[in-house]
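Please open the structure in a viewer and keep the selection panel at hand.

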Amino acid sequence: MSVAKIITFGISKGGCSKSTSSGITSFLLSREEKVLAIDMDSQGNLTSFLTGEYDICDVFENKTVLEAITNGDARPYIFNVKENLDIIPSNDYLATLAKTMYSNKLGLDALEKALKPVMDRYDWIIIDTPPGLYEQTLLPLATKSDEGSYAIVMFDGSMFAYYAIPKFMEIIQATQEAYNPNLKTLGILFSLIDSRAKENEAMELAVEEDYPKLKFESVIKRKATTRRLSIEGFESNKELDNAIEYYVPFVEEMKKRVKKH
Amino acid sequence: MSKNTNAIKDKIKKKDSAARQFVNQFAAEDEERKTDIKKNNDNNNINNDVNINNDIVNDSKTDIDLKNNNNEDNIINTTSILSSILDDEEPSKEFVGIYFDADVHKGLNKLVINKSRNKKKKKGIKSKIVNDVIRQVLEAEGILSKKGD
């Protein structure tokens with residue numbers, strides 16, 4: 001029986017569109033396949049983005065990925081968003097994850113253990129992570145899958161993000177060596193790229209030089225309709241096709257890269 | 001390049017990144033945990049392959065209501081059980097082998113870890129928890145007289 005492929009979106013810098021990209025990717029994949037989205041960021045942006053709920057502390061009180069990890073079973077904490085798309089939500093309390101893991105003597109395999117009962121229910125598990133070296137970032141990267149475990153590195157074209165790439169690559173490598181030998185970097189996704197910015201070409205060249213063949217051909221350009229997705233939602237949104245325009249080829253490219261591996 | 005410079009250069013290159021140190025600390029804790037679990041298993045008084053005979057608990061003559069029904073005799077007060085652990089004198093013991101449901105066993109292990117954390121005396125806590133829970137049930141059914149009676 002096949003199990004889910006795991007894709008973790010990350011970068012050690014905030015505001016690089018991890019939540020938006022993981023959310024839209026989950027949505028697009030769910031048009032044809034079964035997807036589980038997991039929000040590993042205590043900000044809960046992916047949770048709000050997909051569920052439309054912003055009062056996440058109340059709505060998902062004691063029903064988040066924190067409880068799934070603590071109790072070693074994700075099943076009671078999976079919420080259905082729409083056909084083929086489920087989510088394990090997050091809220092502010094996920095910020096206590098480190099303390100919880102210490103108190104319960106949980107290791108970096110804790111998320112893998114929690115997901116074990118549901119791995120065969122999905123084709124894809126898409127995970128959003130916070131920007132930084134936290135347990136919330138390491139747990140998804142340490143989660144093994146027979147169908148593959150991948151990291152997508154986000155890059156918004158800024159100098160800060162440029163210097164955040166090697167930090168995140170170091171996190172990927174360290175986790176791969178210690179916990180998840182099959183973890184692979186699927187690629188670097190340029191996102192929120194401002195077409196007017198003079199430095200785009202230089203940034204592209206710099207990243208290509210440092211990380212040959214990792215950059216995705218698809219580039220997600222900055223768009224007002226994409227930004228408005230969090231207001232208008234995915235259903236009955238007249239702007240939807242425009243908002244996800246750049247993500248459609250990206251998801252196809254992502255699937256091809258996964259197949260190649 | 002001098003020997004000293006080479007040695008310093010090696011130290012610089014071998015220095016672990018923050019990410020590597022962070023991840024490796026978990027790997028080290030995992031190893032420690034595995035060693036502790038092995039030690040606990042070796043020292044445990046109750047065989048982990050424990051089979052509870054349901055006939056005793058489900059005997060029709062002893063209709064035990066384990067839900068909270070305001071009947072003090074039939075309520076198992078876990079707080080009072082756990083608070084008395086390690087404080088009482090220990091009577092003589094007999095080794096038995098019984099089976100637990102997997103989730104009960106897992107929950108018991110978790111409870112033991114939580115409750116033994118700050119205790120000096122960690123050995124035999126699992127046996128005490130199970131023993132005292134069963135004792136309460138038997139006292140409630142009049143099979144054993146209450147301690148101090």
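**Chain B as a whole**

Select chain B. Of its contacts with a separation of 6 or more, 68% are accounted for by residues 24 or more positions apart; two residues are in contact if their C-beta atoms, placed from the backbone, lie within 7 Å. This is a predicted model, in which local features need pLDDT of at least 70 and side-chain atom pairs count only at pLDDT 80 or more, while totals for chains, interfaces and linings use all residues. Residues are numbered from 1 along each chain as its sequence is written, and chains are lettered from A and ligands numbered from 1 in the order in which they are written.

Colour chain B by secondary structure. Six helices and two strands are present, and from the N terminus on they follow the order α-α-β-α-α-β-α-α. Helices (H or I, at least four residues) and strands (E, at least two) are DSSP runs, numbered from the N terminus. Of the 149 residues of chain B, 5% count as buried. A residue is buried if 20 or more other C-beta atoms lie within 10 Å of its own, exposed if 12 or fewer, and partly exposed in between, with C-beta atoms placed from the backbone.

**A helix pair in chain B**

Two packed helices are described by the angle between their axes and the distance between the axes. Select residues 102-116 of chain B, helix H5, together with residues 125-140 of chain B, helix H6. Their axes come within 10 Å and cross at roughly 115 degrees. Axes are lines fitted to C-alpha atoms, for helices over the stretch in contact, and angles run from 0 to 180 degrees between N-to-C directions. H5(B) and H6(B) are therefore roughly perpendicular to each other. Angles under 35 degrees count as roughly parallel, over 145 as roughly antiparallel, 65 to 115 as roughly perpendicular and the rest as oblique.

Which residues in H5(B) meet H6(B)? Show the side chains of Leu108(B), Leu111(B), Val112(B), Lys115(B) and Ser116(B), which meet Ile125(B), Lys126(B) and Ile129(B) in H6(B). By class, this contact of H5(B) with H6(B) comprises five nonpolar, one polar and two charged residues. Ala, Val, Leu, Ile, Met, Phe, Trp, Tyr, Cys and Pro count as nonpolar, Asp, Glu, Lys and Arg as charged, and the others, Gly among them, as polar.

**Where the chains meet**

Now display both chains. The contact takes 13 residues from chain B and ten residues from chain A. Select helix H2 (residues 18-43) of chain B: the largest share of the side of chain B that touches chain A, eleven residues, comes from this helix. That side of chain B has seven nonpolar, two polar and four charged residues.

**Chain A as a whole**

The C-alpha trace of chain A spans about 50 × 45 × 35 Å along its principal axes. Buried residues make up 49% of the 261 residues in chain A.

**A helix pair in chain A**

Select H1(A) and helix H13 (residues 247-260) of chain A, which pack at an angle of about 75 degrees with their axes 10 Å apart. H1(A) and H13(A) are therefore roughly perpendicular to each other. Ile24(A), Thr25(A), Leu28(A) and Leu29(A) of H1(A) make the contact with Tyr247(A), Val248(A) and Val251(A) of H13(A). The contact of H1(A) with H13(A) has six nonpolar, one polar and no charged residues.

Select Ser17(A), in the loop between strand E1 (5-10) and helix H1 (18-29) of chain A. Is Ser17(A) buried or exposed? Ser17(A) is buried, with 23 other C-beta atoms within 10 Å. Phi of Ser17(A) is near 75 degrees, a positive value in a residue other than glycine.

Finally, select Leu192(A) in strand E7 (residues 183-193) of chain A. Leu192(A) is buried, with 22 other C-beta atoms within 10 Å. Leaving aside neighbours within four places in sequence, Leu192(A) is in contact with Cys16(A), Ser17(A), Asp156(A), Ile220(A) and Arg222(A).
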